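Thanks for coming, everyone. Please bring up the structure on your screens. I'll keep this brief.

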Amino acid sequence: MINGSQCRAARALIDFSRERLAISAGVSIESISRFESKLTEPTDEEVAALQAALEQAGAVFISDNGRGIGVRLKFTRSDAKRIAILENEGGIVAPDRVP
């Protein structure tokens, strides 16, 4: 289960407003606001719906693996391929010294 900070960070990463998340997850805007502000904890069903909606939109939640919890963006196969192409466009790797 995600926490309020992860919810807020995931919304920022995928560029979702609270309104858009509320529609996608079927959870009230007020509930999302209070969850992200750590004022109240929504029901387990609401948290699961929020997490599912955010994951569907491209967020990947990282569980506590000894280094802490987090969230990142999911790359599609085509995104990963484009990134690999861009990373290899520079030609031969050489020192960055300017003569």
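Predicted model: local features only at pLDDT ≥ 70, side-chain atom pairs only at ≥ 80, totals over all residues.

Start with the loop between α1 (4-14) and α2 (18-25). Aspartate 15 sits there. Look at its backbone: phi is positive, about 60°, yet aspartate 15 is not a glycine. Is aspartate 15 buried or exposed? The cut-off for exposed is over 50% relative accessible area. Aspartate 15 has 64%, so it is exposed.

Now move along to the loop between α3 (29-36) and α4 (44-56). Here we find lysine 38. Lysine 38 is not a glycine either, and its phi is positive, at about 60°. Its relative accessibility is 62%, so lysine 38 counts as exposed.

Next, the helix pair. Two packed helices are described by the angle between their axes and the distance between the axes. What are those values for α2 and α3? The angle is about 115°, and the axes lie 9 Å apart. That makes α2 roughly perpendicular to α3. The crossing of α2 past α3 is right-handed.

Which residues make the contact? From α2, we have Arg18, Glu19, Leu21 and Ala22. From α3, they meet Ile29, Ile32, Ser33 and Glu36. By type, the contact of α2 with α3 has four nonpolar residues, three charged and one polar.

As for the helices, α2 and α3 pack at about 115°.

Terms used: Residues numbered from 1 in each chain as written. Heavy atoms only, no water. Helix = DSSP H or I, 4+ residues; strand = E, 2+ residues; numbered from the N terminus. Buried < 20%, exposed > 50% of the residue type's maximum accessible area, 1.4 Å probe, protein only. Axes fitted to C-alpha atoms, helices over the stretch in contact; angles between N-to-C directions. Parallel < 35°, antiparallel > 145°, perpendicular 65-115°, else oblique. Left-handed = near helix turned anticlockwise from the far one by under 90°. Contact = heavy atoms within 4.5 Å. Nonpolar A, V, L, I, M, F, W, Y, C, P; charged D, E, K, R; others polar.
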